[in-house]
Amino acid sequence: MSFVDQAGKAVGSTTLTKGTNDKTALDTIKTVSVADPTSPDAATLKKAYAALLAKAGIKGYTTDGLSKDQLAANLAAIKAAAYGQDVKLVVAKLPAKALVSSALFFDKSDTKDVTQDLAYFENANGKRDSDANFSKALAGDANINGYAGDVVTVANLNAAVKDQGLNTIYYAAKNDGFLWGAGTHLAASDYSGTNGTLFADGMSGKTIYVFKLTFTAKPDNPDTSIGNRLDSNKPLFDKQGNATIGDTGNQVVLKYDEVKAGKQITLDSNNMKAKTLAELFGE
(Lines give C-alpha, C1' and ligand atoms only; values in the text may rest on other atoms or scores of the structure.)
Protein backbone atom coordinates (compact mmCIF):
# COMPACT_ATOMS: atom_id res chain seq x y z
CA MET A 1 0.00 0.00 0.00
CA SER A 2 1.51 3.32 -1.11
CA PHE A 3 0.46 6.87 -0.35
CA VAL A 4 0.80 10.00 -2.46
CA ASP A 5 -0.10 13.60 -1.75
CA GLN A 6 -2.66 15.54 -3.74
CA ALA A 7 0.01 16.56 -6.24
CA GLY A 8 0.92 12.91 -6.83
CA LYS A 9 4.19 12.99 -4.88
CA ALA A 10 5.03 9.80 -2.97
CA VAL A 11 4.95 10.18 0.81
CA GLY A 12 5.53 6.59 1.91
CA SER A 13 4.39 2.99 1.73
CA THR A 14 3.92 -0.17 3.76
CA THR A 15 3.48 -3.88 3.12
CA LEU A 16 0.42 -5.62 4.50
CA THR A 17 0.63 -9.38 5.10
CA LYS A 18 -2.32 -11.74 4.76
CA GLY A 19 -3.59 -12.97 8.10
CA THR A 20 -4.68 -16.51 8.86
CA ASN A 21 -8.36 -15.64 8.74
CA ASP A 22 -8.16 -13.17 5.85
CA LYS A 23 -9.92 -14.33 2.70
CA THR A 24 -9.40 -11.20 0.61
CA ALA A 25 -6.95 -8.31 0.41
CA LEU A 26 -9.74 -6.08 1.69
CA ASP A 27 -9.94 -8.25 4.81
CA THR A 28 -6.23 -7.68 5.38
CA ILE A 29 -6.59 -3.93 4.92
CA LYS A 30 -9.51 -3.81 7.37
CA THR A 31 -7.53 -5.82 9.93
CA VAL A 32 -4.78 -3.22 9.91
CA SER A 33 -7.06 -0.18 9.68
CA VAL A 34 -9.40 -1.45 12.43
CA ALA A 35 -12.03 1.06 11.29
CA ASP A 36 -13.61 0.49 7.87
CA PRO A 37 -11.66 2.30 5.10
CA THR A 38 -14.64 1.92 2.76
CA SER A 39 -17.08 3.65 5.11
CA PRO A 40 -18.98 6.72 3.86
CA ASP A 41 -18.68 8.23 7.36
CA ALA A 42 -15.91 10.84 7.41
CA ALA A 43 -14.88 10.18 11.03
CA THR A 44 -14.65 6.42 10.47
CA LEU A 45 -12.68 6.94 7.28
CA LYS A 46 -10.29 9.32 9.00
CA LYS A 47 -9.68 6.81 11.78
CA ALA A 48 -9.05 3.98 9.28
CA TYR A 49 -6.56 6.03 7.28
CA ALA A 50 -4.82 7.15 10.47
CA ALA A 51 -4.12 3.50 11.31
CA LEU A 52 -2.88 2.73 7.80
CA LEU A 53 -0.64 5.80 7.76
CA ALA A 54 0.72 4.90 11.19
CA LYS A 55 1.53 1.40 9.88
CA ALA A 56 3.53 3.11 7.12
CA GLY A 57 5.25 5.41 9.63
CA ILE A 58 3.79 8.51 7.97
CA LYS A 59 2.90 11.60 9.99
CA GLY A 60 1.17 14.79 8.95
CA TYR A 61 -1.37 13.39 6.49
CA THR A 62 -5.09 12.65 6.66
CA THR A 63 -8.26 12.31 4.57
CA ASP A 64 -9.43 15.81 5.52
CA GLY A 65 -9.30 18.06 2.47
CA LEU A 66 -9.51 15.34 -0.18
CA SER A 67 -11.84 16.05 -3.08
CA LYS A 68 -14.85 13.85 -3.85
CA ASP A 69 -13.00 12.48 -6.89
CA GLN A 70 -9.93 11.63 -4.81
CA LEU A 71 -12.05 9.89 -2.16
CA ALA A 72 -13.87 7.97 -4.89
CA ALA A 73 -10.58 6.90 -6.49
CA ASN A 74 -9.27 5.72 -3.10
CA LEU A 75 -12.45 3.73 -2.47
CA ALA A 76 -12.19 2.07 -5.87
CA ALA A 77 -8.52 1.21 -5.28
CA ILE A 78 -9.26 -0.34 -1.87
CA LYS A 79 -12.20 -2.39 -3.17
CA ALA A 80 -10.09 -3.63 -6.10
CA ALA A 81 -7.16 -4.57 -3.85
CA ALA A 82 -5.55 -7.93 -4.59
CA TYR A 83 -2.66 -9.78 -3.00
CA GLY A 84 0.64 -9.12 -4.73
CA GLN A 85 -0.49 -5.76 -6.10
CA ASP A 86 0.04 -2.17 -5.03
CA VAL A 87 -2.85 -0.15 -3.65
CA LYS A 88 -2.19 3.56 -4.18
CA LEU A 89 -4.09 6.02 -2.01
CA VAL A 90 -4.17 9.81 -2.08
CA VAL A 91 -3.87 11.63 1.27
CA ALA A 92 -3.94 15.32 2.21
CA LYS A 93 -1.18 17.06 4.12
CA LEU A 94 -2.14 18.38 7.51
CA PRO A 95 -1.39 22.06 8.11
CA ALA A 96 1.61 22.58 10.36
CA LYS A 97 0.80 23.79 13.86
CA ALA A 98 2.86 25.79 16.33
CA LEU A 99 3.19 25.16 20.05
CA VAL A 100 3.67 28.90 20.54
CA SER A 101 1.49 31.47 18.81
CA SER A 102 3.30 34.44 20.36
CA ALA A 103 5.75 35.18 23.13
CA LEU A 104 6.35 38.00 25.57
CA PHE A 105 9.73 38.59 27.17
CA PHE A 106 10.12 39.77 30.78
CA ASP A 107 12.96 40.63 33.14
CA LYS A 108 12.03 38.71 36.30
CA SER A 109 13.61 41.42 38.47
CA ASP A 110 11.47 44.16 36.93
CA THR A 111 8.43 43.56 39.16
CA LYS A 112 7.01 47.07 39.51
CA ASP A 113 4.81 46.76 36.43
CA VAL A 114 3.98 43.11 35.80
CA THR A 115 2.27 43.93 32.50
CA GLN A 116 5.23 45.62 30.80
CA ASP A 117 7.34 43.20 28.82
CA LEU A 118 10.57 44.03 27.02
CA ALA A 119 9.29 45.74 23.90
CA TYR A 120 12.64 46.36 22.21
CA PHE A 121 15.91 44.58 22.92
CA GLU A 122 19.05 42.98 21.52
CA ASN A 123 19.55 39.25 21.06
CA ALA A 124 22.70 37.18 21.51
CA ASN A 125 23.68 37.85 17.88
CA GLY A 126 23.71 41.62 18.31
CA LYS A 127 20.39 42.08 16.52
CA ARG A 128 18.06 44.73 17.97
CA ASP A 129 14.38 44.40 17.18
CA SER A 130 10.87 44.57 18.59
CA ASP A 131 9.40 41.89 20.81
CA ALA A 132 6.78 41.28 18.10
CA ASN A 133 9.42 40.37 15.52
CA PHE A 134 11.43 38.20 17.92
CA SER A 135 8.17 36.52 18.96
CA LYS A 136 7.26 35.78 15.34
CA ALA A 137 10.67 34.25 14.69
CA LEU A 138 10.46 32.06 17.77
CA ALA A 139 6.91 30.91 17.03
CA GLY A 140 7.97 29.85 13.53
CA ASP A 141 11.05 27.90 14.64
CA ALA A 142 10.94 24.30 13.37
CA ASN A 143 11.96 22.92 16.76
CA ILE A 144 8.56 23.78 18.24
CA ASN A 145 6.34 23.22 15.21
CA GLY A 146 4.63 20.04 14.05
CA TYR A 147 1.11 18.68 13.93
CA ALA A 148 -1.76 18.72 16.41
CA GLY A 149 -1.04 16.04 18.99
CA ASP A 150 2.74 16.11 18.58
CA VAL A 151 4.75 16.46 21.78
CA VAL A 152 7.29 19.25 22.16
CA THR A 153 9.90 18.98 24.92
CA VAL A 154 11.71 21.52 27.04
CA ALA A 155 14.84 20.67 25.07
CA ASN A 156 13.00 21.54 21.84
CA LEU A 157 12.03 24.96 23.15
CA ASN A 158 15.54 25.64 24.41
CA ALA A 159 16.89 24.72 20.98
CA ALA A 160 14.42 27.13 19.36
CA VAL A 161 15.32 29.90 21.80
CA LYS A 162 19.01 29.38 21.08
CA ASP A 163 18.46 29.24 17.31
CA GLN A 164 16.82 32.66 17.46
CA GLY A 165 19.56 34.10 19.69
CA LEU A 166 17.10 34.54 22.54
CA ASN A 167 18.91 32.51 25.18
CA THR A 168 20.83 35.70 26.08
CA ILE A 169 19.41 39.15 25.51
CA TYR A 170 20.25 42.75 26.42
CA TYR A 171 18.11 45.80 26.98
CA ALA A 172 18.60 49.32 28.27
CA ALA A 173 16.57 51.59 30.53
CA LYS A 174 16.65 55.29 31.17
CA ASN A 175 17.81 56.83 34.44
CA ASP A 176 14.41 58.31 35.20
CA GLY A 177 13.61 56.64 38.24
CA PHE A 178 11.60 54.04 39.85
CA LEU A 179 13.50 50.78 39.96
CA TRP A 180 17.16 50.03 40.71
CA GLY A 181 17.75 53.68 39.82
CA ALA A 182 16.64 52.73 36.30
CA GLY A 183 13.27 53.41 34.76
CA THR A 184 11.65 53.55 31.35
CA HIS A 185 12.90 50.93 28.91
CA LEU A 186 14.59 52.36 25.83
CA ALA A 187 12.44 52.12 22.70
CA ALA A 188 13.43 51.72 19.06
CA SER A 189 13.40 55.50 18.64
CA ASP A 190 16.18 55.83 21.22
CA TYR A 191 18.63 54.00 18.96
CA SER A 192 20.34 54.59 15.60
CA GLY A 193 21.87 58.05 15.54
CA THR A 194 22.37 60.04 12.36
CA ASN A 195 26.15 59.69 12.63
CA GLY A 196 26.06 55.92 12.76
CA THR A 197 26.10 55.76 16.55
CA LEU A 198 24.28 53.04 18.51
CA PHE A 199 21.97 55.58 20.15
CA ALA A 200 19.90 58.43 18.77
CA ASP A 201 21.57 61.84 18.87
CA GLY A 202 19.25 63.03 21.64
CA MET A 203 20.59 60.33 23.98
CA SER A 204 24.08 61.86 24.05
CA GLY A 205 25.18 62.75 27.56
CA LYS A 206 22.40 60.82 29.28
CA THR A 207 22.88 58.07 31.82
CA ILE A 208 21.31 54.68 31.14
CA TYR A 209 21.37 51.17 32.58
CA VAL A 210 22.19 48.14 30.44
CA PHE A 211 20.98 44.70 31.48
CA LYS A 212 22.06 41.22 30.43
CA LEU A 213 19.46 38.47 30.79
CA THR A 214 19.48 34.71 30.21
CA PHE A 215 16.69 32.18 29.78
CA THR A 216 16.50 28.38 30.02
CA ALA A 217 13.17 26.55 30.01
CA LYS A 218 12.64 23.88 32.67
CA PRO A 219 9.91 21.28 33.30
CA ASP A 220 6.86 22.39 35.28
CA ASN A 221 8.34 25.84 35.82
CA PRO A 222 6.40 29.13 35.71
CA ASP A 223 9.33 30.91 34.08
CA THR A 224 7.81 29.47 30.88
CA SER A 225 4.12 30.20 31.35
CA ILE A 226 0.94 30.36 29.36
CA GLY A 227 -0.32 33.94 29.59
CA ASN A 228 0.70 37.52 28.95
CA ARG A 229 1.98 38.92 32.27
CA LEU A 230 5.06 38.59 34.41
CA ASP A 231 2.92 37.04 37.15
CA SER A 232 1.40 34.39 34.87
CA ASN A 233 2.08 31.10 36.62
CA LYS A 234 0.61 28.27 34.54
CA PRO A 235 3.66 26.33 33.24
CA LEU A 236 3.73 25.50 29.54
CA PHE A 237 5.49 22.18 30.24
CA ASP A 238 4.39 19.36 32.53
CA LYS A 239 6.56 17.63 35.12
CA GLN A 240 8.10 15.43 32.42
CA GLY A 241 9.06 18.49 30.40
CA ASN A 242 6.46 17.90 27.68
CA ALA A 243 3.81 20.06 26.03
CA THR A 244 1.35 19.00 23.32
CA ILE A 245 0.70 20.98 20.16
CA GLY A 246 -2.97 21.86 19.84
CA ASP A 247 -5.11 23.29 17.05
CA THR A 248 -4.16 26.77 18.24
CA GLY A 249 -0.84 27.85 19.68
CA ASN A 250 -0.23 29.18 23.16
CA GLN A 251 0.62 32.74 24.04
CA VAL A 252 3.57 32.31 26.37
CA VAL A 253 5.63 34.37 28.76
CA LEU A 254 9.40 33.85 28.95
CA LYS A 255 10.81 35.18 32.22
CA TYR A 256 14.51 35.97 32.07
CA ASP A 257 17.09 36.03 34.86
CA GLU A 258 19.50 38.94 35.21
CA VAL A 259 23.12 37.82 34.96
CA LYS A 260 24.00 40.59 37.42
CA ALA A 261 22.76 44.03 38.33
CA GLY A 262 22.31 46.47 35.49
CA LYS A 263 25.39 48.38 34.46
CA GLN A 264 25.16 52.18 34.74
CA ILE A 265 26.64 53.93 31.72
CA THR A 266 26.93 57.57 30.73
CA LEU A 267 26.59 58.05 27.01
CA ASP A 268 29.68 60.13 26.40
CA SER A 269 31.24 60.43 22.95
CA ASN A 270 33.09 57.14 23.39
CA ASN A 271 30.11 55.07 24.56
CA MET A 272 27.91 56.51 21.83
CA LYS A 273 30.21 54.77 19.35
CA ALA A 274 29.47 51.27 20.71
CA LYS A 275 28.03 48.87 18.17
CA THR A 276 25.94 46.74 20.54
CA LEU A 277 24.47 46.73 24.03
CA ALA A 278 26.59 43.65 24.71
CA GLU A 279 29.67 45.76 24.04
CA LEU A 280 28.49 48.40 26.48
CA PHE A 281 27.82 45.73 29.07
CA GLY A 282 31.42 44.60 28.69
CA GLU A 283 30.96 41.42 26.68
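The model is predicted.

- Helix H1 spans residues 25-33, and its buried residues include Ala25, Thr28, Ile29 and Ser33.
- Down the axis of H1, the buried residues fall within an arc of 125°, so they line one face of the helix.
- An α-helix has 3.6 residues a turn, so residues three or four places apart point the same way.
- The packing partners of the buried H1 residues are helix H2 (42-55) and helix H3 (68-79).
- Val34 sits in the loop between H1 and H2.
- Its positive phi is found in a residue other than glycine.
- Val34 counts as exposed because its relative accessibility is 68%, and the cut-off for exposed is over 50%.

**Largest pocket**

- The volume of the largest pocket is about 270 Å³.
- Its lining has 17 residues, and Tyr61, Thr62, Leu94, Tyr147 and Ala148 lie nearest the centre.
- H2 gives the most, with 5 residues.
- The lining of the largest pocket comprises 8 nonpolar, 3 polar and 6 charged residues.

**Second largest pocket**

- The second largest pocket holds about 200 Å³ of space.
- Of its 13 lining residues, Ser39, Pro40, Asp41, Leu45 and Leu71 lie nearest the centre.
- H2 and H3 are the elements that give two or more residues to the lining of the second largest pocket.
- By class, this lining divides into 7 nonpolar, 4 polar and 2 charged residues.

**Nonpolar cores**

- In soluble globular proteins, nonpolar side chains tend to be buried together.
- The largest nonpolar core has 31 residues, and Leu99, Phe105 and Leu166 touch the most other members.
- At least two residues of this core come from each of strand E7 (100-107), helix H4 (131-139), helix H5 (154-163), strand E12 (168-174), strand E13 (207-214) and strand E17 (250-258).
- H5 supplies the largest share, 4 residues.
- Beyond its neighbours within four places in sequence, Phe105 contacts Asp117, Leu118, Phe121, Asp131, Phe134, Ser135, Leu166, Leu254 and Tyr256.
- A second, separate core has 19 residues, among them Tyr120, Phe199, Ala200 and Met272.

**Ala243**

- Ala243 lies in strand E16, residues 242-244.
- Is Ala243 buried or exposed? Ala243 is buried because its relative accessible area is 5%, and the cut-off for buried is under 20%.
- Residues up to four places away in sequence aside, Ala243 touches Leu99, Asp150, Val151, Val152, Leu236 and Phe237.
- Leu99 is also one of the residues that touch the most other members of the largest nonpolar core.
- From Ala243 to Thr111 the separation is 132 residues in sequence and 27 Å in space, C-alpha to C-alpha.

**Asp220**

- Asp220 has a positive phi of about 45°, although it is not a glycine.
- Asp220 belongs to the loop between E13 and strand E14 (224-226).
- With a relative accessible area of 38%, Asp220 is partly exposed.

How values were computed. Residues are numbered from 1 along each chain as its sequence is written. This is a predicted model: local features need pLDDT of at least 70, side-chain atom pairs count only at pLDDT 80 or more; totals for chains, interfaces and linings use all residues. Side-chain values use heavy atoms; hydrogens and water are left out. Buried means under 20% relative accessible area, exposed over 50%, partly exposed in between (1.4 Å probe, protein chains only). The arc is that of the directions from the helix axis to the C-beta atoms. Contact means heavy atoms within 4.5 Å. On a 1 Å grid over the protein atoms alone, a cavity is a set of points where a 1.4 Å probe fits but cannot get out, and a pocket is an open set with protein on both sides within 12 Å along at least five of seven lines; lining residues have an atom within 4 Å of a point. Grid points are joined across faces, edges and corners, and a volume is the space filled by probe spheres set on the points. Ala, Val, Leu, Ile, Met, Phe, Trp, Tyr, Cys and Pro count as nonpolar, Asp, Glu, Lys and Arg as charged, and the others, Gly among them, as polar. A nonpolar core is a set of buried Ala, Val, Leu, Ile, Met, Phe, Trp, Tyr and Cys residues joined through side-chain atoms within 4.5 Å.
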